[in-house]
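This note is written for a reader who is meeting the structure for the first time. Please keep the sequence and the model in view while reading the numbered points.

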Amino acid sequence: MNALDQLFVNLKQAIVGWFPGEWRLGVSVVISAAAIVGVYAGLFAITTWIERKGLGRIQNRPGPNRVGPFGLLQPLADGLKALIKEDIIPQRADRLVHTLAPILAVVPVILALAVIPVGRNMVAVDLQAGLIFFFAMGGVKEIAVFMAGWGSRNAYSLLGSMRAIAQMISYEMPLVLSGLVVAMAVGSLSLVDIIEAQAGYYGGVLARWHVFTPWGLAGFLLFLVAATAEANRTPFDLPEGESEIIAGHMLEYSGFKYALFFLGEYMGLFGMSGLAITLFLGGWRAPFSFLEWIPSWMWFFGKLFAFIAFFVWLRGTLPRLRADQLMEFAWKFMLPMVLLDVVALALWQYTAHWSVPLAGLWRWVLSGGLMFVAYLGLARLISPRRRVGPRTYRFAE
Amino acid sequence: MIETARNFVGSYYDPARFPTIQYPEERQPLPENSRSFPILIYDGEDPEAGLRCVACKICEKECPPQCIYIVVERDEKGRAKRHPAVFDLDISVCMGCQICVEVCPFDSIKMDVAFEKAGTDRFGRMLLHKQDLARPNEYFHQIHPTEAAQSDERVGKTKKAPKPKPKPAADAAAERQPSRLAA
Amino acid sequence: MSATFAILATWTVLAALGAMALRKPVHAALSLVGALMGVAFTYLNLGAEFITAVQVLVYVGAVAILIVFVLQLTRGEGVEGESLAVQPASLGLGIALLVTGGLIAAVVFLPDWRAAWPEKGDVALKRLGEVLMNRYVVALEAIGLLLTIAMIGAVLIALKRPDSQPPES
Amino acid sequence: MSKPLDFDAAEQLAMATGDVEPEQLDHDAPVSLPPPGPRYEAVPRAASPAIPEPEGELLEVSVGPHHPSTHGVFRMNVVLDGEKIVQLKPVFGYLHRNHEKLGEQTTYLGNMPYTDRLDYFCSLSNNWAYALAVEKLAGLKVPERAEYIRVITAELTRLVNHSSLVGFLLHDMGTMGTPLMYAFREREKILDAFEALTGARMMCNYHRFGGCRVDLPPGWLDQVRTIVDNFPRFIDEMERLLSENEVLIARTHGVGVLPPELAVNAGVTGPSLRASGINYDLRKVDRYGIYDRFQFRVPLGEKGDVYDRYMMRILEMRESVKILQQALRDIPEGPVIDPKVRLRNFTPPVGEAYGRIEAPKGELGFYLISDGSKKPYRYRIRPPSFINLTVLEDMCRGHTLADAVIILGAVDIVLGEVDR
């Protein structure tokens with residue numbers, strides 16, 4: 001069991017061990033980087049397949065089923081097609097900016113993925129400020145989006161990139177704050193420490209994940225919504241809203257550059273899901289004590305696949321919001337909720353050493369009640385129904 | 001969300017929720033009335049001699065997009081024979097409306113069901129001549145059995161017996177009773 | 001001076017020069033982003049992870065975006081084709097010399113500047129927090145208040161338009 | 001919001017067109033003639049309203065003709081102030097194919113397949129409207145069974161159109177085509193029935209002057225019965241998926257409001273007009289065909305926004321199912337076409353006629369003048385999508401571009417009909 005759990009760690013150490021001493025650091029870094037790029041790029045391929053298949057089934061279609069068994073080789077065919085497609089740069093486009101943008105859209109995301117632990121002892125770089133580093137790299141993506149929109153010299157691209165940036169900035173606020181709630185609770189910005197803090201089991205069975213606390217549950221949901229927006233997924237996929245601005249900042253891209261943008265988007269999705277798992281769902285930890293025999297990295301990737309399936313499901317169901325509603329939602333709902341979540345955490349921590357009877361229940365009522373009441377109030381405030389009221393239809397005979 | 005999940009699961013076991021047909025391998029049976037493009041019916045073995053068409057040019061006149069082009073065959077003295085020298089049909093113009101079939105008093109032009117007519121040549125491949133259009137009566141029976149039986153009955157009424165060289169008489173009677181109206 | 005530092009320093013200086021010399025405002029802004037990133041990675045090279053992340057988050061993620069946004073919304077046509085360098089050149093040179101001199105003086109006249117060098121590792125982040133929240137807490141709060149006031153002022157300026165409500169029904 | 005208008009608006013409209021007696025209109029209440037003169041002042045609309053003082057720079061964007069959400073080759077020249085639309089100019093004609101002039105060069109029968117191509121989602125309704133006009137012109141009677149078949153095909157067409165429209169509308173809102181696929185799943189079953197009946201799935205060319213082309217194939221009624229019986233299940237699904245969806249409500253409530261006065265003045269018909277609260281349905285007003293034999297209701301909207309227009313479609317589908325169930329129950333045996341009608345050399349007497357039906361998109365009318373020859377002397381169409389499109393700018397002004405897309409989607413245009 002332990003051997004399987006530490007399989008990749010030991011494998012890496014074995015390979016590093018073959019090299020002379022002064023080479024070892026370099027080799028270790030190269031292996032980690034290659035592993036991250038390789039694993040997540042492979043995951044990207046599988047995800048496109050899952051997404052197309054899932055959407056197909058949701059829409060009562062078979063999805064890709066021609067290339068390979070169950071269409072499993074479809075990502076390969078897609079990639080090949082993207083590679084051999086003509087790469088068009090608009091004549092009046094800013095060539096350098098236009099070309100750099102897709103690269104810049106992928107690189108920071110890969111850097112961000114490096115800090116997420118995927119298993120016990122399996123993290124490429126354990127930064128002291130890993131959480132902030134992750135968010136910072138997410139911020140660099142905005143520059144890439146701007147470069148793509150501006151460099152293409154297309155009104156739709158520019159509009160799309162402006163929308164995308166406005167959306168990303170607005171949702172970065174609740175995203176970072178809901179992440180920081182966890183950092184406050186744990187007292188560290190290192191993602192490894194955050195997973196460490198979620199060790200142990202309630203009653204020896206249920207894991208002590210943050211999502212099982214009132215502030216953690218609220219934070220998780222808020223984080224999930226913000227992450228959906230940050231990763232440009234429905235219902236927040238306005239930047240590429242094809243019915244309005246066609247493909248947004250990616251409009252003028254074709255061939256492999258377009259594929260790179262997609263790679264960036266999906267890797268961003270993995271990053272967001274991975275972070276949500278790390279912050280709230282115990283990272284690579286098992287949910288129940290009796291399931292601990294399953295290797296840690298399997299837990300991480302299992303949770304990641306669950307997230308991907310959830311996002312596909314969401315995409316198959318919901319229409320997208322309008323730009324101003326999106327902003328309204330971010331500033332009038334998400335931000336106050338996240339700030340209140342900080343208060344909820346404070347209440348939770350403050351009452352940690354209460355010695356009244358049923359202390360656990362009271363803590364839940366206090367901290368969770370705050371979030372619930374806030375949710376009810378704010379949701380009523382922004383609900384479109386409040387503005388128009390229910391409809392009654394008359395019928396003429 | 002629940003509704004889409006229901007459809008996701010349903011698509012695996014409920015055929016009503018999974019209407020896709022893997023087209024080139026599987027095909028939906030075409031209903032009998034199905035139509036695609038016109039064909040010319042001939043009796044007997046010889047597609048040239050057995051052609052029912054008498055080059056009356058009614059379909060040419062009635063065709064809304066005017067995709068039919070007919071030249072009457074003439075003998076040495078220049079008299080019109082009851083046979084088309086040229087019968088061209090441009091299926092890039094044809095809209096498959098079936099009006100030629102309805103107006104044809106000789107049960108000669110009918111609708112095919114074959115729809116896979118794609119080709120790489122925009123012009124030559126799409127202009128069909130009478131050799132391309134001619135189909136035996138047995139084929140017609142195959143694709144539209146009910147209609148073919150009715151048509152045979154009418155043709156039998158107007159022609160005493162199928163001869164190698166068709167000589168349809170009493171067009172007037174057929175004209176008064178156009179084929180589709182009796183159906 | 002390590003090779004990493006040499007690369008980063010060259011990169012930063014080149015990008016900073018680009019920010020001054022490039023003719024298109026957007027190019028200049030993007031070049032500035034490059035310079036800021038160079039500085040950020042220099043911090044990382046020095047082991048200050050938190051400062052790196054904050055530098056990227058604040059300067060690249062927010063300030064640079066703000067700059068390109070402003071450039072885009074004002075279209076930046078007025079200054080297109082001109083260098084953004086300070087005119088006249090002598091004034092700019094003077095300012096540059098003053099800043100450089102100040103930095104050198106600070107380094108030279110600091111009693112023991114090696115003592116101010118933080119140890120690597122955990123200390124950087126933890127100590128930073130402690131110092132900010134204890135010794136300099138008043139200054140920190142004052143800066144926060146100042147920024148809040150500035151933001152409210154900006155909102156008030158932006159709110160000048162009275163009929164900004166979308167037409168309902 | 002002004003007070004919702006009632007039946008007298010419809011009376012007024014019907015009388016304005018001049019071919020309906022006022023007695024025919026009011027079938028329940030005692031006849032009370034409205035005072036002479038139009039009760040709705042024709043409010044002149046500025047052709048292109050003055051652009052208000054712009055806050056910043058105005059941006060002119062040309063949406064289309066190759067834009068994924070313009071439902072065909074259609075272009076909107078939009079002037080934007082930020083994201084808000086200050087001016088919107090629809091540009092169409094990319095699909096113009098000279099339909100009306102062509103109609104004057106073609107025989108009466110030869111026009112029938114062309115009417116399929118007007119609104120290619122509802123070829124059977126178009127057929128009916130044209131057949132109705134020619135039958136009025138020539139004074140033909142339609143056999144009982146053919147009338148039932150016409151009602152069945154027209155209502156099935158309405159189901160096809162409305163369900164697809166709901167799908168397209170939601171697709172415009174960005175649902176990745178899920179409702180669209182569900183709509184197409186149901187549409188496919190109806191198209192199969194059409195193919196079994198007429199030989200073609202979309203370009204049916206089925207109705208003839210004085211009846212229908214062929215009789216129903218064996219088993220067809222059972223096939224349709226199965227479809228109709230299963231259809232409410234689909235509508236329920238749609239409603240569960242959409243009508244209570246918070247995002248859909250946010251996107252559609254209060255968007256693209258069409259005031260009833262404007263709707264009447266601009267000649268808007270169909271679900272868009274009824275969504276504004278005006279009771280005007282030709283099936284009730286004209287009672288053409290045999291619609292007076294069926295029990296059905298006409299849903300009326302409240303606010304006239306996109307949500308109401310969407311709900312009109314859903315509710316009308318339910319009513320259509322009711323009509324279909326009655327028609328399928330009552331359909332008699334008998335001939336399907338008047339055997340005296342000549343197919344070739346069809347020459348109606350000299351005169352003129354206007355035949356109109358309640359097509360899924362609104363009032364579809366064909367106006368014909370005969371000079372006694374084989375071809376119509378004048379052939380004119382009143383296309384519902386085209387006339388409904390004229391209020392697009394009024395509905396869109398002040399909303400964002402994203403709203404314009406769904407407002408356009410809810411108008412329900414088919415460019416084949418707009419451009420002709």
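1. The structure is a predicted model. Each value discussed here should be read as computed from that prediction.

2. Extent of the contact between chain D and chain A. How many residues of chain D are in contact with chain A? The number is 60, and they meet 36 residues of chain A. The area buried between these two chains is about 4,100 Å², and carbon and sulfur atoms give 54% of that area. Within chain D, the residues that lose the most area to chain A are Met176(D), Val247(D) and Arg297(D), which together make up 14% of what that side buries.

3. Polar features of the contact between chain D and chain A. The count of salt bridges between chain D and chain A is 0. Polar contacts are found, however: 5 residue pairs across this interface meet the rule, with both residues at pLDDT 80 or more.

4. Elements of chain D that face chain A. Two strands of chain D, strand 1 (58-63) and strand 6 (298-300), each supply at least two residues of the side that touches chain A. The helices of chain D that do likewise are helix 6 (144-172), helix 7 (178-198), helix 9 (246-252), helix 13 (306-330) and helix 16 (401-411). By class, this side of chain D has 27 nonpolar, 18 polar and 15 charged residues.

5. Extent of the contact between chain A and chain B. Here 12 residues of chain A are in contact with 14 residues of chain B. About 1,200 Å² is buried between the two chains, with 57% of it given by carbon and sulfur atoms.

6. The salt bridge between chain A and chain B. The count between these chains is 1 salt bridge. The side chains that form the bridge belong to Arg66(A) and Glu25(B), at 3.1 Å from N to O.

7. Helix 12 of chain A provides the largest share, 4 residues. By class, the side of chain A that touches chain B divides into 4 nonpolar, 5 polar and 3 charged residues.

8. The largest cavity. A search of the whole structure finds 10 cavities of 30 Å³ or more. The largest has a volume of about 150 Å³. It is lined by 13 residues, and those closest to its centre are Val109(A), Gly138(A), Lys141(A), Gly268(A) and Met272(A). Helix 5 (95-113), helix 6 (130-151) and helix 11 (255-280) of chain A each supply at least two lining residues. The lining has 8 nonpolar, 3 polar and 2 charged residues.

9. The second largest cavity. This cavity holds about 110 Å³ of space. Of its 15 lining residues, Arg120(A), Trp284(A), Arg285(A), Ala286(A) and Glu292(A) lie nearest its centre. By class, the lining has 8 nonpolar, 3 polar and 4 charged residues.

10. The second largest pocket. The volume of this pocket is about 1,400 Å³. Which residues lie nearest its centre? They are Thr48(A), Asp78(A), Tyr258(A), Phe262(A) and Tyr266(A), from a lining of 46 residues. Helix 3, helix 4 (74-84) and helix 11 of chain A each supply at least two residues of this lining. The largest share, 10 residues, comes from helix 11 of chain A, a helix that also contributes to the lining of the largest cavity.

Note on methods: Residues numbered from 1 in each chain as written. Chains lettered and ligands numbered in written order. Predicted model: local features only at pLDDT ≥ 70, side-chain atom pairs only at ≥ 80, totals over all residues. Heavy atoms only, no water. 1 Å grid on protein atoms, 1.4 Å probe; cavity = no way out; pocket = protein on both sides within 12 Å on 5 of 7 lines; lining within 4 Å. Points joined across faces, edges and corners; volume = space filled by probe spheres on them. Nonpolar A, V, L, I, M, F, W, Y, C, P; charged D, E, K, R; others polar. Contact = heavy atoms within 4.5 Å. Buried area = accessible area lost by both parts, 1.4 Å probe. Salt bridge = Lys/Arg side-chain N within 4 Å of Asp/Glu carboxyl O. Polar contact = N/O pair within 3.5 Å; in protein donor to acceptor, adjacent residues only side chain to side chain.
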